[in-house]
Amino acid sequence: MTSALHAVLAKLACLALCAAHQHRLTRVNVDISQALPVHKEAQKWAKRLEENYSNPTHATRDVAYVERIVAISYVVTGIAGREMYFSLSLSNLRANGNWSGDIFVLTDDFRCVPDFLAIPVKLPPMPAVLTRDERTRHAKYFKQQLLHLLPLKTEHQYVLYMDSDVYTGTSLPSFLEMAVAQFEARGASLAIYREGTGINGEANHSDLLEPYLQAAENSEQARLLIARQITQHPCMRNYSFFHGGIFLASRRLESRRCLASWGEWYNNTCHRDQPYLSRAVMSGACKLSLLPQDTLGFPTKRNSGQYWTFNHFTRTSRMKGNDGVDLATLKEAGIKLLNLDKHFVNKWWKSGSPFCVGPPPHSAV
């Protein structure tokens, strides 16, 4: 590798370290360790939902082929399962997503997964005394273990993972037909979105990310050097080239190896898994099929009322009114995206889940 390339990558690493340090100084501290109260409007919503899906006359249709070969999965641990965000994501997946296939929820709290919407899969309870970063590590650990933990059927050939604060805006069967076809055509082991593109409300970090990606595109040596740099600095946000909140994997060995390489992030002390996803790609452990970037959106005041296939309302930031989101944006989403009634649209983000009945499991936060 030329000394010039070494110099460029070293300079980029320095810039990334500085930016990461600045982020630590300016980030908003959000306490998500306490359960939200369950509003009566949420209880009414849950009752209507259950009546609808439990009614023998509930409209059904034939399950499409893609709904038989793709299983969808969440990982919901600790306080996340007891928030309204997950309950709405799950119901939204059935309604707006028009999804009739299997949905699995890896969870430490069976109470919060209504069996008329999804299949809960038991995880050990989250330890009671954890910092915010430790809670994040605990939850993210299971993402890369999906293919080992899910009780998949023989016909399931792929798993689509979604974060619990992602809301579906359009029908998923046609989207996944496209995604699976593209996955196979490219011989991929993982289908995923880019990070930091500035598209559809996402934060724009392209000035820091693009030089790395351009260097990697043209040089295997550059890719391996970037992988080594990530190993040395595993917690730098600016090594997060790809979005880890939504991905498609197959059950084949190539995807298992890819997820295992990504999962090595857990061996260090950082709570972020995305840099090690980048490392897995740069080292050659993961071969990507990039999902169409214009199908993923993030809410802001500027794009309020616009919705995409996937809408990522990050629960620790945008849901708390950060990153350019205001109450009007959340209310509009309640009406147009989540289809809530006029009594619930003003408070859906402030309610706990109405499905979590009874005491929480032992040791759960």
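Which helices and which strand each supply at least two residues of the lining of the second largest pocket?

Reply: They are helix 8 (206-218), helix 11 (274-282) and strand 8 (288-290) (helices are DSSP runs of H or I, at least four residues, and strands of E, at least two, numbered from the N terminus). The model is predicted, so local features need pLDDT of at least 70 and side-chain atom pairs 80 or more, while totals for chains, interfaces and linings use all residues. Residues are numbered from 1 along each chain, and side-chain values use heavy atoms, without hydrogens and water.

The pocket (an open set of 1 Å grid points for a 1.4 Å probe, with protein on both sides within 12 Å along at least five of seven lines) has a volume, the space filled by probe spheres on its points, of about 330 Å³. Its lining (residues with an atom within 4 Å of a point) holds 14 residues, of which L213, E217, F242, V281 and L290 are the closest to the centre. Helix 8 gives the largest share, five residues. By kind, the lining divides into seven nonpolar (Ala, Val, Leu, Ile, Met, Phe, Trp, Tyr, Cys, Pro), two polar (the others, Gly among them) and five charged residues (Asp, Glu, Lys, Arg).

A disulfide (cysteine sulfur atoms within 2.5 Å) joins C258 to C286, with 2.0 Å from S to S. This pair links distant parts of the chain, 28 residues apart: C258 belongs to helix 10, and C286 to the loop between helix 11 and strand 8. The torsion about the S-S bond of C258 and C286 is about 95 degrees, so the disulfide is right-handed. Both C258 and C286 are buried (under 20% relative accessible area, 1.4 Å probe, protein chains only).

Notes. Buried < 20%, exposed > 50% of the residue type's maximum accessible area, 1.4 Å probe, protein only.
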